[in-house]
Amino acid sequence: MRHRQFANDFTPPLDGLDYGAGYPFANWKTSHLDTLIGGWVQLDPPCLELATLALEELTRRREDLAARMKFAKAELEPIPWLAAARAAVRQTFIDGTTEPGTQSSARGKVYVILRGGYTSSNGWYGAYVGSTTRPLAKRFAEHRAGGSRSARGMQKHGIELLYSLFIPLNPVAHSRSKLREWETRLHECLAPVVPKVTGDVAF
């Protein structure tokens with residue numbers, strides 16, 4: 001996969017998809033997933049999270065050959081560590097003893113952005129972990145615009161939000177200390193399974 005800089009458009013989560021489910025596309029038809037993958041990888045920016053989740057479902061059914069060819073045609077790679085990262089989040093925050101904060105009045109959010117610009121030895125992609133009280137669309141735009149509110153490398157290499165890694169954890173209390181705590185916990189959860197994880201960590 002050659003390094004590419006994608007458009008900075010914000011992609012919202014797919015309506016009706018349970019990003020926290022073990023197999024989000026389990027009830028979707030194979031032919032429908034094949035068609036969607038072809039469309040998702042042709043977008044700018046591509047919807048790599050959705051395309052990878054759909055590919056994982058087709059692989060589970062052993063019907064993934066056509067979908068893999070669509071990735072290859074688009075000169076893109078699926079996210080190789082996404083399944084392991086999702087499993088780590090479920091084990092740590094959902095099935096484990098650490099419960100996400102879900103107060104109805106909470107406005108804070110942790111988030112994860114897919115970051116490109118890496119080599120094959122690093123799985124092509126990395127993850128940036130952050131937290132905010134702003135709308136995610138606005139925070140993502142700040143990262144892609146560069147400047148003081150961005151993070152190093154995100155203007156050029158930021159791709160899309162990885163909703164399946166943080167939607168089940170939000171919202172969290174919006175105090176600065178609580179947000180930093182959850183940001184750090186998510187960073188530490190992903191670090192063992194994602195080759196490159198960046199973002200601020202409170203020690």
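P171 is found in the loop between β3 and α7, where helices (H or I, at least four residues) and strands (E, at least two) are DSSP runs numbered from the N terminus. A cis peptide bond joins N170 and P171, with omega at about 0 degrees. This is a predicted model, in which local features need pLDDT of at least 70 and side-chain atom pairs count only at pLDDT 80 or more, while totals for chains, interfaces and linings use all residues. Residues are numbered from 1 along each chain as its sequence is written, and side-chain values use heavy atoms, with hydrogens and water left out.

A cis peptide bond also leads from D44 to P45, with omega near 5 degrees, and P45 has its place in the loop between α1 and α2 (48-60). Most residues other than glycine have a negative phi, and most peptide bonds are trans. Against that background, R62, in the loop between α2 and α3, has a positive phi near 60 degrees. R62 is exposed, with a relative accessible area of 77%, on a scale where buried means under 20% relative accessible area, exposed over 50% and partly exposed in between (1.4 Å probe, protein chains only). E75, in the loop between α3 and α4 (82-94), likewise has a positive phi, near 55 degrees, and E75 is partly exposed, with a relative accessible area of 40%.

The helices α1 and α3 can be taken together. Helix α1 (residues 30-40) and helix α3 (residues 65-73) pack with their axes 9 Å apart and at an angle of about 5 degrees, the axes being lines fitted to C-alpha atoms, for helices over the stretch in contact, and the angles running from 0 to 180 degrees between N-to-C directions. That angle makes α1 roughly parallel to α3, since angles under 35 degrees count as roughly parallel, over 145 as roughly antiparallel, 65 to 115 as roughly perpendicular and the rest as oblique. In this contact (heavy atoms within 4.5 Å), D34, T35, I37 and G38 of α1 meet A66, A67, K70 and F71 of α3. The residues of the contact divide into four nonpolar, two polar and two charged; Ala, Val, Leu, Ile, Met, Phe, Trp, Tyr, Cys and Pro count as nonpolar, Asp, Glu, Lys and Arg as charged, and the others, Gly among them, as polar.

Just after α5, G146 takes a positive phi of about 80 degrees.

The largest pocket contains about 380 Å³ of space. On a 1 Å grid over the protein atoms alone, a pocket is an open set of points where a 1.4 Å probe fits, with protein on both sides within 12 Å along at least five of seven lines, and lining residues have an atom within 4 Å of a point; grid points are joined across faces, edges and corners, and the volume is the space filled by probe spheres set on the points. The lining comprises 16 residues, of which S131, T132, R176, R180 and E183 lie nearest the centre of the pocket. Both β2 (126-132) and α7 (176-190) supply at least two residues of the lining, and β2 gives the most, with five. By class, the lining divides into four nonpolar, five polar and seven charged residues.
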